[in-house]
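Here is a colleague's note to read beside the model. Keep the view open and find each residue as it is named.

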Amino acid sequence: MENVSNVEQLESIKSLQSTINKLEKALSQMTGKGANTTLVKKRLKAVCIGLVMLENVWNQSPHHYTQEDLAEARNVLTGLLPSIENIYMKSKVGSPQRTLLERRIKALELAVQAIDELLTH
């Protein structure tokens with residue numbers, strides 16, 4: 001895995017925690033409305049796994065995920081990147097949203113890297 005500064009590690013972990021909070025809120029609202037929550041649940045699980053993988057690599061925290069869980073999470077996370085990158089490209093340079101998206105993209109890419117390392121070992 002690429003060498004990541006402590007600042008980037010902290011930003012990535014915070015970004016994924018923020019993403020998890022957003023997904024949990026969305027899931028709660030959608031459940032209340034009786035909407036289909038399959039996609040949000042899948043994304044929530046994938047981002048949670050991504051966060052645990054980063055903590056596993058950087059802090060040697062244990063994880064209990066199977067190869068199958070990791071592979072599925074990797075697919076979901078890589079599937080999220082194009083839409084986030086698209087929003088990023090449309091966002092205003094220097095805006096808080098652009099910074100947030102930049103950090104989210106970086107965090108997801110690092111999570112995918114961490115999963116890749118575990119899947120190939």
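**Notes on the cavity, pocket and helices**

1. About 40 Å³ of space lies in the largest cavity. On a 1 Å grid over the protein atoms alone, a cavity is a set of points where a 1.4 Å probe fits but cannot get out; lining residues have an atom within 4 Å of a point. Grid points are joined across faces, edges and corners, and a volume is the space filled by probe spheres set on the points. By this rule, one cavity of 30 Å³ or more is counted.

2. **How the model was read.** This is a predicted model: local features need pLDDT of at least 70, side-chain atom pairs count only at pLDDT 80 or more, and totals for chains, interfaces and linings use all residues. Residues are numbered from 1 along each chain as its sequence is written, and side-chain values use heavy atoms, with hydrogens and water left out.

3. **The cavity lining.** Which residues line the largest cavity? They are Lys42, Lys45, Ala46, Ile49, Asp69, Glu72, Ala73 and Val76. The elements that give two or more residues to this lining are α2 and α3. Helices here are DSSP runs (H or I, at least four residues), numbered from the N terminus. The lining divides into four nonpolar, no polar and four charged residues.

4. Ile49 is found in helix α2. Is Ile49 buried or exposed? Ile49 counts as buried because its relative accessibility is 1%. Buried means under 20% relative accessible area, exposed over 50%, and partly exposed in between (1.4 Å probe, protein chains only). Ile49 touches Tyr65, Asp69, Leu70, Ala73 and Ile115, not counting residues up to four places away in sequence. Contact means heavy atoms within 4.5 Å. Ile49 and Ile115 are 66 residues apart along the chain, yet their C-alpha atoms are separated by 8.8 Å.

5. **Helix α3.** The expected span is 1.5 Å times one less than the number of residues. The buried residues in α3 are Asp69, Leu70, Ala73, Val76, Leu77, Leu80, Leu81, Ile84 and Tyr88. Their cover includes α2 (38–59) and α4 (96–120).

6. **Helix α1.** The 28 residues of α1 should span 40 Å at 1.5 Å a residue, and the end C-alpha atoms are 41 Å apart, which agrees. Its buried residues include Gln9, Ser12, Ile13 and Leu16. What covers the buried residues of α1 includes α2 and α4. Ser12 is buried, with a relative accessible area of 2%. Ser12 touches Leu54, Trp58, Lys106, Ala107 and Leu110, leaving out residues up to four places away in sequence.

7. **The nonpolar core.** The largest nonpolar core has 33 residues, and Leu16 and Leu77 have the most contacts inside it. Such a core is a set of buried Ala, Val, Leu, Ile, Met, Phe, Trp, Tyr and Cys residues joined through side-chain atoms within 4.5 Å. At least two residues of this core come from each of α1 (6–33), α2, α3 and α4. Leu16 touches Val47, Gly50, Leu51, Leu54, Ala107, Leu108 and Ala111, again not counting residues up to four places away in sequence.

8. **The pocket.** The largest pocket holds about 170 Å³ of space. A pocket is an open set of points with protein on both sides within 12 Å along at least five of seven lines. Among its lining residues are Thr19, Arg43, Leu80 and Arg104. α3 gives the most to this lining, with four residues. The lining divides into six nonpolar, two polar and three charged residues.

9. Just after α1, Gly34 takes a positive phi of about 75°. Thr37 is in the loop between α1 and α2. Thr37 counts as buried, at 11% relative accessibility. Gln60 is in the loop between α2 and α3. Gln60 has a positive phi of about 55° although it is not a glycine. At 61% relative accessibility, Gln60 counts as exposed.

Definitions and conventions
Nonpolar A, V, L, I, M, F, W, Y, C, P; charged D, E, K, R; others polar.
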